[in-house]
Amino acid sequence: MNLADITLLIETRKSHFPKEFNGQIADNDLISQMISNAHWAPSHKLTLPWHFIVFEQPKIEKLAMKIMDIQLASNPNVPQEKIDKIKLLPSQLSHAIAICLKPSKMVPLWEEYCAVGAAVQNMYLTLNAVPDFGGYWTSGNATNSLEMKEYLGLSENDEHLGFFFVGGIDQKRTHSKRITQTVVWK
Ligand SMILES: Cc1cc2nc3c(=O)[nH]c(=O)nc-3n(C[C@H](O)[C@H](O)[C@H](O)COP(=O)(O)O)c2cc1C
């Protein structure tokens, strides 16, 4: 792989959202590869703070119901549009990967958040290998609520940092928009 290849890989990484998902189910091998590639992210003192929990079909139905219950319990006036979106998830998603952090307490917590971010980027990049599946990191959907942490079997000190939703894609998009970045060279 040369510099042009790696730049192309990074620049063509793209989020795809549930409204684009066509209901196709990915092989578990793809999900396993995403997670095993995540494990190669950097972490200070090699604490490897990430922890992933995979929901496959048909269990996404239960997960969606849990998300809906938590949202309604925290706000009975949650907009109907939001509820409708959650209800659609089981028919749209292939897999939902809960992104969790188990703090090592060996390094500052902020360093562990950064490490998990790098791990999720590896999951995103892995999806570039397949033309017919995409996904994105959502920090909505009852992320890190007490009830969701309990549902995921996390302990008090663990963090739930959202989900990586994966779904089948008919029209994979490869062009994200970026404004020009500011870099200071000294
Ligand atoms: C930590 C994190 C949380 C995110 N949470 C959400 C979210 O809750 N809802 C959403 O639509 N997108 C979410 N995204 C995805 C961003 O919307 C997406 O990365 C951004 O629009 C840029 O698009 P791109 O990933 O295709 O470059 C999140 C991304 C990150 C890194």
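**Notes on the model**

1. Let me begin with the ligand. The shell around the ligand divides into two nonpolar residues, six polar ones and one charged. Its members are Lys14, Ser15, Tyr136, Trp137, Thr138, Ser139, Gly140, Gly162 and Ser176. Strand β3 supplies the largest share of this shell, with three residues. Please keep in mind throughout that this is a predicted model.

2. Next, the pair α3 and α4. Helix α3 covers residues 60-74, and helix α4 covers residues 80-92. Their axes come within 7 Å and cross at roughly 165 degrees. An angle over 145 degrees counts as roughly antiparallel, so α3 and α4 are roughly antiparallel to each other. The crossing of α3 and α4 is right-handed. From α3, the contact is made by Ile60, Glu61, Ala64, Ile67, Met68 and Gln71, and from α4 by Lys82, Ile83, Ile86, Lys87, Leu89 and Pro90. By class, the residues of this contact are eight nonpolar, one polar and three charged.

3. Met68 sits in helix α3 and touches Ile83 and Ile86, leaving aside residues up to four places away in sequence. The C-alpha atoms of Met68 and Lys87 are 7.9 Å apart, with the two residues 19 apart in sequence. Is Met68 buried, exposed or partly exposed? Met68 has 19 other C-beta atoms within 10 Å, and a residue counts as buried at 20 or more, so Met68 is partly exposed.

4. Helix α2 spans 28-38, while helix α5 spans residues 109-126. They pack at an angle of about 140 degrees, with their axes 7 Å apart. The crossing of α2 and α5 is right-handed. On the α2 side the contact is made by Gln33, Met34, Asn37 and Ala38, and on the α5 side by Ala119, Val120, Asn122, Met123 and Thr126. This contact of α2 with α5 has five nonpolar residues, four polar ones and no charged residues.

5. Ala119 deserves a look of its own. Ala119 lies in helix α5 and counts as buried because it has 25 C-beta neighbours inside 10 Å. Leaving aside residues up to four places away in sequence, Ala119 touches Ala38, Ala41 and Trp50. Ala119 and Pro42 are 77 residues apart along the chain, yet their C-alpha atoms are separated by 7.8 Å.

6. Most residues other than glycine have a negative phi, and most peptide bonds are trans. Which two residues does a cis peptide bond join? The cis bond joins Gln57 and Pro58, with omega about 5 degrees. Pro58 is in the loop between β1 (50-56) and α3.

7. Lys45 is not a glycine, but its phi is positive, about 60 degrees. Lys45 is placed in the loop between α2 and β1 and counts as exposed because it has 11 C-beta neighbours inside 10 Å. Ala142 also has a positive phi, near 65 degrees, although it is a residue other than glycine. Ala142 is found in the loop between β3 (133-138) and α6 (146-151). With 23 C-beta neighbours inside 10 Å, Ala142 counts as buried.

8. Finally, a residue from later in the chain. Lys172 is found in the segment after β4 (159-168). Not counting residues up to four places away in sequence, Lys172 touches Pro131 and Gly134. Lys172 and Gly134 are 38 residues apart in sequence, while their C-alpha atoms lie 7.3 Å apart in space. Lys172 has 16 other C-beta atoms within 10 Å, so it is partly exposed.

Conventions: Residues numbered from 1 in each chain as written. Predicted model: local features only at pLDDT ≥ 70, side-chain atom pairs only at ≥ 80, totals over all residues. Helix = DSSP H or I, 4+ residues; strand = E, 2+ residues; numbered from the N terminus. Buried ≥ 20, exposed ≤ 12 C-beta atoms within 10 Å, placed from the backbone. Contact = placed C-beta atoms within 7 Å. Axes fitted to C-alpha atoms, helices over the stretch in contact; angles between N-to-C directions. Parallel < 35°, antiparallel > 145°, perpendicular 65-115°, else oblique. Left-handed = near helix turned anticlockwise from the far one by under 90°. Nonpolar A, V, L, I, M, F, W, Y, C, P; charged D, E, K, R; others polar. Near = placed C-beta within 6 Å.
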